[in-house]
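Reader: I would like to go through this model and ask what each label rests on. Please set each value against its cut-off.

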Amino acid sequence: ICSALGFQREGTISLLSATYGPGVGPVLLSNLHCIGTESNITQCAYSANTLCDHSTDAGVICKGANAPCVDRDVRLVGGRVRSEGRVEICYNGVWGTVCDD
């Protein structure tokens, strides 16, 4: 998971039992086993198990610096969900904000 997000693989800590709180919606993957070379979570070994509930949602702590951004990448930061938040854009490898003037 961490290497797919641009963090280093070494030092990753897996967290169990909804450490960051229970999610909502369907539980799509269970028994996830990644070795750290995957570029996408679906490349990890997993099963599609409907016996799980959100009390067992997984979490992770990634170590090291995140990979530098690519110019003109855009992201939303600080919102309650991924589809809202402060607009940031990458310029010269650094994230910056966008003024609302």
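Reader: How much space lies in the largest pocket?

Author: The model is a predicted one. About 1,000 Å³ of space lies in its largest pocket.

Reader: Which residues are closest to the centre of the largest pocket?

Author: The lining has 33 residues, and the closest to the centre are Ile1, Leu32, Ile41, Ala58 and Gly59. Strand E1 (8-15), E2 and E4 are the elements that give two or more residues to this lining.

Reader: What makes the link between cysteine 34 and cysteine 44 a disulfide?

Author: The cut-off is a pair of cysteine sulfur atoms within 2.5 Å. For cysteine 34 and cysteine 44 the S to S distance is 2.0 Å, so the pair meets the definition of a disulfide. By this rule the count comes to 1 disulfide.

Reader: Where in the chain are cysteine 34 and cysteine 44?

Author: Both cysteine 34 and cysteine 44 are in the loop between strand E2 (30-33) and strand E3 (45-47), 10 residues apart.

Reader: Why is the disulfide of cysteine 34 and cysteine 44 called right-handed?

Author: Because the torsion about its S-S bond is about 105°.

Reader: Is cysteine 44 buried or exposed, and how do you know?

Author: Buried means under 20% relative accessible area. Cysteine 44 has 5% relative accessibility, so it counts as buried. Cysteine 34 has a relative accessible area of 26%, and is therefore partly exposed.

Reader: How do you know that cysteine 52 is in no disulfide?

Author: The nearest cysteine sulfur, that of cysteine 34, is 15 Å away from cysteine 52, and a disulfide needs the sulfur atoms within 2.5 Å. Cysteine 52 is partly exposed, at 28% relative accessibility.

Reader: What is the case for cysteine 99?

Author: Cysteine 99 is in no disulfide either: the nearest cysteine sulfur belongs to cysteine 90 and is 19 Å away. Exposed means over 50%; cysteine 99 has 56% relative accessibility, so it counts as exposed.

Reader: What makes E6 and E7 a pair of strands?

Author: Two strands pair if there are at least two bridges between them. Strand E6 (residues 85-91) and strand E7 (residues 94-97) are joined by 4 bridges and run antiparallel, so the pairing meets that definition. Cysteine 90 stands opposite tryptophan 95 in E7. E6 and E7 form a hairpin with 2 residues between them, and asparagine 92 in the turn has a positive phi of about 55°.

Reader: Why is aspartate 57 called buried?

Author: Its relative accessible area is 17%, and buried means under 20%, so aspartate 57 is buried. Aspartate 57 is in the loop between E3 and strand E4 (59-63). Beyond residues up to four places away in sequence, aspartate 57 touches Leu16, Ser17, Ala18, Thr19, Gly21, Pro22, Gly23 and Val27. A polar atom of the aspartate 57 side chain lies 2.6 Å from the backbone nitrogen of glycine 23.

Reader: What makes the pair of serine 47 and asparagine 31 a polar contact?

Author: A polar contact needs N or O atoms within 3.5 Å, and the side chains of serine 47 and asparagine 31 are joined at 3.1 Å. Serine 47 is in strand E3. Not counting residues up to four places away in sequence, serine 47 touches Leu28, Leu29, Ser30 and Asn31. At 25% relative accessibility, serine 47 counts as partly exposed.

Note on methods
Residues are numbered from 1 along each chain as its sequence is written. This is a predicted model: local features need pLDDT of at least 70, side-chain atom pairs count only at pLDDT 80 or more; totals for chains, interfaces and linings use all residues. Side-chain values use heavy atoms; hydrogens and water are left out. Buried means under 20% relative accessible area, exposed over 50%, partly exposed in between (1.4 Å probe, protein chains only). A polar contact is a pair of N or O atoms within 3.5 Å; within protein, one must be able to donate a hydrogen and the other to accept it, and residues adjacent in sequence count only if both atoms are side-chain atoms. Contact means heavy atoms within 4.5 Å. On a 1 Å grid over the protein atoms alone, a cavity is a set of points where a 1.4 Å probe fits but cannot get out, and a pocket is an open set with protein on both sides within 12 Å along at least five of seven lines; lining residues have an atom within 4 Å of a point. Grid points are joined across faces, edges and corners, and a volume is the space filled by probe spheres set on the points.
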